[in-house]
Amino acid sequence: MASSFPTYWFVVAPLLLASVGTAGCTKVAEGVYGMRRTDAVDFTQVREYAQDYGVGVAPGKSFVLDVSYFEFLKRQPLRMQDEAKNHAQPLQLLYYNRDGQLISYYVNRYAGGFPNLDWNQDRQMEVFPPISQAPPDSMLSFAQLAPFLRTVDGRRVQAMESFADYTIVVFWSHRMGRQSRRLLAAAQQNLQLAPATQKAYILYVNNDAYLRHIGL
């Protein structure tokens, strides 16, 4: 039986704002964490963000998360709620093996730190692939993720297969501002640790439109 999550169910859980206190402090908290409000997000705007954040717009490298991704999360059974909450978060770093299985996983809801999230708080990212920060799950394989991706020109990705030993996916947004930049930097630094004998490929997925769709 599928669950019917209310829109607030994902609420960046416990969001970046939990350490600041009441809801009335939200704007202050967003400023402290470097979060930004976005206007209507279209593909032209995302291309500009991609250049500004240093991820570029190269085909096969830079993508946009389709808002239908939220419907996929809502269809998950009740027993998968914790996993769905993780996959709903604004900032994510996913490491897939050659078979498309999630083997290492980083999510903002598990990252400590103030006023910046600390993606390496237990030095997990000092090896490649990094020691998983969040429990890896089987809810979203690399093949399952592909249909929710669009190119930065708006074209749908019907299927995708990676022949790399490791495929790294970074969920980032202008909405998360400085925290996105820090996650991107952490992912790129960790990538430098990949052994020369293994092929690692990194994809950047902007989720500004998705975050706006769910009310963040």
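Before sorting any residues, I noted that Ala, Val, Leu, Ile, Met, Phe, Trp, Tyr, Cys and Pro count as nonpolar, Asp, Glu, Lys and Arg as charged, and the others, Gly among them, as polar. I also wrote down that this is a predicted model.

**Entry on the pocket.** I looked up the largest pocket and found that about 180 Å³ of space lies in it. With the definition in hand, I recorded that its lining divides into six nonpolar, three polar and two charged residues. Among the residues that line the pocket are Leu117, Asp118, Trp119, Arg182, Ala186 and Asn190.

**Entry on helix α6.** I then turned to helix α6, which runs over residues 177-191 and reaches 22 Å from its first C-alpha to its last, close to the 21 Å expected at 1.5 Å a residue. The buried residues of α6 include Ala186 and Asn190, and I had already met both of these in the lining of the largest pocket.

**Entry on the core.** The largest nonpolar core has 59 residues, and those with the most contacts inside it are Tyr69, Leu93, Trp119, Val169 and Tyr210. Strand β5, residues 166-172, gives the most to this core, with six residues.

**Entry on Tyr69.** I located Tyr69 in helix α3, residues 69-74. Is Tyr69 buried or exposed? Tyr69 counts as buried because its relative accessibility is 0%, where the cut-off for buried is under 20%. Leaving aside neighbours within four places in sequence, I listed its contacts as His87, Gln92, Leu140, Phe148, Phe171 and Tyr210. For one of these, His87, I noted that its C-alpha atom is separated from that of Tyr69 by 9.6 Å, with the two residues 18 apart along the chain.

Conventions. Residues are numbered from 1 along each chain as its sequence is written. This is a predicted model: local features need pLDDT of at least 70, side-chain atom pairs count only at pLDDT 80 or more; totals for chains, interfaces and linings use all residues. Side-chain values use heavy atoms; hydrogens and water are left out. On a 1 Å grid over the protein atoms alone, a cavity is a set of points where a 1.4 Å probe fits but cannot get out, and a pocket is an open set with protein on both sides within 12 Å along at least five of seven lines; lining residues have an atom within 4 Å of a point. Grid points are joined across faces, edges and corners, and a volume is the space filled by probe spheres set on the points. A nonpolar core is a set of buried Ala, Val, Leu, Ile, Met, Phe, Trp, Tyr and Cys residues joined through side-chain atoms within 4.5 Å. Buried means under 20% relative accessible area, exposed over 50%, partly exposed in between (1.4 Å probe, protein chains only). Helices (H or I, at least four residues) and strands (E, at least two) are DSSP runs, numbered from the N terminus. Contact means heavy atoms within 4.5 Å. The expected span of a helix is 1.5 Å times one less than its number of residues.
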